[in-house]
Amino acid sequence: MNNKKNDTNIPSELPLLAVRDVVIFTDMILPLFIGRDASVAAVEAAQENDKLVLIVTQKDPAKDEPGPADVYQVGTVAMVMRQLRMPDGRLKVLVQGLAKARVIAMTASDPYIRALVEPLAEPATPTSSVELEAMMRNVREQSQKILSLKEILSEEVAAILDNIDDPGRLADMVASNLRIKVEMAQKVLETEDPLERLRLVNSVLAQELKVATMQAKLDSEAREEMDKSQREYYLREQLRAIKRELGEEGAKDDELADYREKIKKAHLPKEVSAEALKQLARMEWTHPDAAESSLIRTYLDWILDLPWSVSTRDHLDLAEAKKVLDTDHYNLEKVKDRILEYLAVRKLHKKQKGPIICFAGPPGVGKTSLGQSIAKAMGRKFVRFSLGGMRDEAEIRGHRRTYIGALPGRIIQGLKTAGANNPVFMLDEVDKIGADFRGDPASALLEVLDPEQNNAFSDHYLNLPFDLSKVMFITTANLLDTIPQALEDRMEVIHLSGYTAEEKVEIARRHLIPRLIADHGLKSEEMTFADAAVKKIIASYTQEAGLRGLDKKLATVCRKVARRVAEGKNGPWRITPASLHKYLGPPEILPEPERAEGQVGVATGLAWTEFGGELMYIEVRTMPGKGNLTLTGQLGEVMKESAQAAVAYARSYAAELGLGYDFYENIDIHIHVPAGAVPKEGPSAGVSLMAALISALTSRPVPKDMAMTGEITLRGQIMPIGGLKEKSLAALRAGIKKVIIPRQNLKDLEDIPQQIRHKMEFIDVDEIGQFLNIVFGSAKPAVRRRNARPKMRPAAPRGRRIPGKTRRPAEAGL
């Protein structure tokens, strides 16, 4: 064996030139364009010395200023053979690879990178063997096959490959002329053993040969298909001319005539008709079997199937519409009045634009079924689809026709299904729209739900204006916080709160029970529900604002009765409170333990959730300590700030509360809101936090039959809150009939049904001292004078409760 040595004297330190997307091998001559300042400086430094430079490849070609960690450590020492400066300041250089080298360390980085290098001597050439000879022949043959398939094989290239006897040089020569990935080329460069390097190149050639073979096959098939299509086109044109001379009509001519007649009878808008005729003309000169012909045919079908000028006649009999709404839904007077008002305006103004209404409320209150009833009352078609989880804008606007399988958006599809341009269009779950790289569907809805813009809505597929102003859009949402402000502004929001127990009993008697009995194959005389049994299901087996849980429990009872009927057992079956245990098991919801009197440090607050109102108990305990405040129960930032404001108020009015000026220095305060696993947030817990805190500090209990809601400020004011109706229903479900509310929320009492207001007592307050007077019977803290200890004033006498009215504490007693 003979060792191959490089006679070139390589210095230990060389300028470093980083290149993109190419790996330089030894004996490789390649032109490079140099544009970066550091690279230009490296080439110029090499020219001034021995014209040698170390060329390494970047790991990330997107980096403009690569550092030591951004380049591979093995490169090729090359000689700059020729240099030419371009007009734009770049350099065009011709380099030749001399030897492989490894970077030992970077010695400089400005104005160019210099590196200590270690030349990598080529290992000894292995002794000729059968395996080596077979592998070299295989590499030569595969290289020639690839070049032949790409039609770039010449006799000179074949001669060069045949004359290379060194396996390492053959591997480098083939790798430098293959279009392989940079990572694989770098791996070949870093492999020092010639035989291993040749094996690696052989495996790469095998894969490249498969790709080149398939590419050549595809090119051949495409060329044959093109020749075949052209030949068929000319033959069909000749056949068409012959048929025309003979007076025979072809199938395509019949299809074109049929489309032309449909366009004429469709009464399309002028712009739409012009586009349809234009597409028909294109179809006439397109081969029937071509893909474009199918796309044009589908597009014309969509245009002709849409109800451009087809409308249903509205039922403008207000009495009949009211009868339909009352039959399908119990109560919901506000929603019914809004629909009747719209019909009244339509009766007086025929061109009234369709309203954009949003029903917001907890699940199960009848938002979707209400839309169906509205369509029934107005005599319109009803279309519905859910927006929940939608992330692609094309679901609203459609796909452009350039995409394979393109379709119009869900809006246009719904109108085609309805067959009229004025349906009641329900968009469910508008508060659950998503967004990602495919677009923002909520932004696309801005045009759809804007009466000033949707008269010319343009779907990407149709690319034609469609008038949506006649459509009555109804959206539904559980909560409004997640709806973009711009979208919410375009909608008229109508809040649907939960139902009272009496309302649920009435709805179950009128709607749920008859439907469920029929759905389970039973007859009304075989099974009946006592109202008391329904009330017990509501109180002991469900705890919700809507009706879904009640519907499921009633269905469970019906299934068990249906099984008994199927088994041949005799009825009838009457469901009573005493028999519920046999059908539904033990009660799932246990009432709060009855308290003989209020507890110290515990106050009952009211919270709003997307599922309706709920009770929220605030617990406060004090213990010896150093003035620390602990907040637990997964409280949000707003509730934490409310708790801190309550503590600050108590400290500032310590004397009036009989606590002593330094009471907080010797105790720790712990505020907890059960249940700890549920996150809690909102700006309405201030008064309940204050009541529980003062109760714990003064050892005075909060009345057990009193709930409260409102936010506090450091100045002692009580701020208004939202969701008063839902909170009031939650208090009533829990048997609490006395609720303290902010004075600014008195206007919201009109939204609470009168039968609920008659059962409850609402006490309005606007200041913390007034609030404490009502809760504890103590006077409002007086304004402190400097260096004077204020005194407590006598409590105000309790006012007489007036059913259905709010009560204010007597001002003289404050």
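**View 1. Asp27 in the loop between β1 and β2.** In this predicted model, Asp27 is found in the loop that runs between β1 (13-19) and β2 (29-34). Although Asp27 is not a glycine, its phi is positive, at about 65°. Most residues other than glycine have a negative phi, and most peptide bonds are trans.

**View 2. The cis peptide bond from Asp110 to Pro111.** The bond that joins Asp110 to Pro111 is cis, with omega near 5°. Pro111 lies in the loop between β5 (91-108) and β6 (114-119).

**View 3. Packing of helix α2 with helix α3.** Helix α2, which spans residues 130-149, packs with helix α3, residues 155-163, at an angle of about 165°, and the two axes are 10 Å apart. Because angles over 145 degrees count as roughly antiparallel, α2 is described as roughly antiparallel to α3. The crossing in which α2 passes α3 is right-handed. On the α2 side the contact involves Arg140, Ser143, Gln144 and Leu147, and these residues meet Val157, Ala158, Leu161 and Asp162 of α3. Sorted by class, the residues of this contact between α2 and α3 comprise 4 nonpolar, 2 polar and 2 charged.

**View 4. Packing of helix α22 with helix α25.** The axes of helix α22 (residues 686-698) and helix α25 (residues 768-776) are 11 Å apart, and the two helices pack at an angle of about 60°. That angle makes α22 oblique to α25, and the crossing of the two helices is right-handed. From α22, the residues Val687, Met690, Ala691, Ile694 and Ser695 meet Ile768, Phe771, Leu772 and Phe776 in α25. The contact of α22 with α25 has 8 nonpolar residues and 1 polar residue, with no charged residues.

**View 5. The second largest pocket and its lining.** The volume of the second largest pocket is about 600 Å³. Its lining is made up of 26 residues, of which Gly364, Val365, Gly366, Ser369 and Leu547 are the closest to the centre of the pocket. Three helices, α12 (367-378), α17 (501-519) and α19 (548-566), each supply at least two residues of this lining, and the largest share, 5 residues, comes from α12. By class, the residues that line the second largest pocket divide into 8 nonpolar, 10 polar and 8 charged.

Note on methods. Residues numbered from 1 in each chain as written. Predicted model: local features only at pLDDT ≥ 70, side-chain atom pairs only at ≥ 80, totals over all residues. Heavy atoms only, no water. Axes fitted to C-alpha atoms, helices over the stretch in contact; angles between N-to-C directions. Helix = DSSP H or I, 4+ residues; strand = E, 2+ residues; numbered from the N terminus. Parallel < 35°, antiparallel > 145°, perpendicular 65-115°, else oblique. Left-handed = near helix turned anticlockwise from the far one by under 90°. Contact = heavy atoms within 4.5 Å. Nonpolar A, V, L, I, M, F, W, Y, C, P; charged D, E, K, R; others polar. 1 Å grid on protein atoms, 1.4 Å probe; cavity = no way out; pocket = protein on both sides within 12 Å on 5 of 7 lines; lining within 4 Å. Points joined across faces, edges and corners; volume = space filled by probe spheres on them.
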